[in-house]
Amino acid sequence: MKITRLTINDLDKILELQNIIEKNLPNKNLFFTNDRFYFENILKQNSNLFVGIYDSDELISYSLLILNTNSYKRFFKELELTPSLKSADFDIVVVKPSHRGKGIHSIYINYFHEVLKQIDYNEVYATVHPDNNHSLDNFIKNGYEVVSKIEKRNGKSRLFIKKKL
Ligand SMILES: CC(C)(COP(=O)(O)OP(=O)(O)OC[C@H]1O[C@@H](n2cnc3c(N)ncnc32)[C@H](O)[C@@H]1OP(=O)(O)O)[C@@H](O)C(=O)NCCC(=O)NCCS
């Protein structure tokens, strides 16, 4: 399974896969989608690690690591926490339903951890819906701990999780 760095040329395939993921969700609160503009911006910034896996010419999975704590800023504020200056955000992971159960999520987790250690990062954060058992199990299995549960109205609560590297 080869992890490839995604570029602007993959944008349509990213959106296509996100559509499939969204249609297959048992509960739409488990995963929040992003628009074209968000992905476009991410792909233009070299500092983020946006990677995917192709099966022939089909994108079957992607994952995004953001190399600063911008996406979780409001959680830190809400929880009155100060992240390390060397902390990253595990922002997105999706695997096409036809390719699930093969450990792809853990492959990304380990890949990102290795990259982060090489650049001396010491923390990585993520958020997961408390009922997203498959995702949560993978993070816990790979050493993440729950920092806090953030309650939102409309079923949008999230577990804020962290791993020290
Ligand atoms: C969460 C997710 C990324 C896990 O990816 P994955 O690489 O399939 O993870 P795993 O291989 O560890 O499989 C997890 C579990 O999925 C289940 N699974 C196995 N095959 C499956 C299939 N064909 N379809 C659905 N689930 C399956 C199994 O219970 C497996 O657990 P097990 O290995 O203990 O049997 C994936 O389910 C997904 O894309 N979900 C929708 C998007 C999402 O929720 N992303 C995370 C947001 S925080």
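Which residues are exposed on the other side of α4? I looked them up: Asn110, Glu114, Lys117 and Gln118 (exposed means 12 or fewer other C-beta atoms within 10 Å of the residue's own, buried means 20 or more, partly exposed lies in between, with C-beta atoms placed from the backbone).

A note on what I am working with: this is a predicted model, where local features need pLDDT of at least 70, side-chain atom pairs count only at pLDDT 80 or more, and totals for chains, interfaces and linings use all residues. Residues are numbered from 1 along each chain as its sequence is written.

Next I checked the buried residues of α4, and found Ile104, His105, Tyr108, Ile109, Phe112 and Leu116. They sit on the same side of α4, because their arc around the axis is only 145 degrees (taken from the directions from the helix axis to the C-beta atoms). Among the elements covering them I noted β2 (49-55), β3 (58-66) and β5 (123-128).

Then I turned to the ligand. Its shell has 19 residues, of which Arg100, Gly101, Ile104, His105 and Ser135 come nearest (a residue is near if its C-beta atom, placed from the backbone, lies within 6 Å). I found that β4 (87-95), α4 (104-118) and α5 (133-141) each supply at least two shell residues (helices are DSSP runs of H or I with at least four residues, strands are E runs with at least two, numbered from the N terminus).

Last, the whole chain: I noted 5 helices and 7 strands, and buried residues make up 29% of the 165.

Conventions
Two residues are in contact if their C-beta atoms, placed from the backbone, lie within 7 Å.
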